[in-house]
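Q: Could you walk me through this structure? I have not looked at it before.

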Amino acid sequence: MHATLHLLARTGFPDLKRRVVETLQFAIEDTTWELAVRDGHGTCTATTGTPELRFARTTLSALYLGATTATQIARADLV
């Protein structure tokens, strides 16, 4: 698993305290991942599903590090 995805999955998502499982399939370059969040904690696994989003590693890094917002990345056509 990509190191940044591993950190995202282990860090937790404290603002998502619902009992519902939220999932998102996204591709980083040629690999598709599924991020599932339940009770504020996430898991990320490789999948063969169709990604809802596709972006480069540098884009994910910019989001994770807070260098830019998702809105700015979308407006720049990087997603």
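Q: What kind of model is it, and how are the residues numbered?
A: It is a predicted model, in which local features need pLDDT of at least 70 and side-chain atom pairs count only at pLDDT 80 or more, while totals for chains, interfaces and linings use all residues. Residues are numbered from 1 along each chain as its sequence is written, and side-chain values use heavy atoms, with hydrogens and water left out.

Q: In what order do the strands of the sheet stand?
A: The order is E3-E2-E1-E4, in an open sheet of 4 strands with mixed pairing. Strands here are DSSP runs (E, at least two residues), numbered from the N terminus, and two strands pair if DSSP finds at least two bridges between them.

Q: Which strands stand at the edges?
A: E3 and E4 do; each has a single partner strand, so one side of each is left without a neighbour in the sheet. From one strand to the next, the twist averages 25°, where axes are lines fitted to C-alpha atoms and angles run from 0 to 180 degrees between N-to-C directions.

Q: How do strands pair in general, through what?
A: Strands of a sheet pair through backbone hydrogen bonds, either parallel or antiparallel.

Q: And E2 with E3, parallel or antiparallel?
A: Antiparallel: E2 (residues 31-38) and E3 (residues 41-47) are joined over 7 bridges. They form a hairpin with 2 residues between them, and Asp 39 in the turn has a positive phi of about 55°. Thr 32 stands opposite Thr 47 in E3.

Q: What about E1 and E2, how many bridges?
A: E1 (residues 22-28) pairs with E2 over 7 bridges in the antiparallel sense. This pair also forms a hairpin with 2 residues between the strands, and Glu 29 in its turn has a positive phi of about 60°. Leu 35 in E2 is the bridge partner of Leu 24, and Leu 35 also stands opposite Cys 44 in E3.

Q: Changing topic: is Gln 25 buried or exposed?
A: Gln 25, found in strand E1, is buried, with a relative accessible area of 16%. Buried means under 20%, exposed over 50% and partly exposed in between, with a 1.4 Å probe and protein chains only.

Q: Which residues does Gln 25 touch?
A: Not counting residues up to four places away in sequence, its contacts (heavy atoms within 4.5 Å) include Trp 33, Glu 34, Thr 47 and Thr 50. A polar atom of the Gln 25 side chain lies 3.4 Å from the backbone nitrogen of Thr 50.

Key
Polar contact = N/O pair within 3.5 Å; in protein donor to acceptor, adjacent residues only side chain to side chain.
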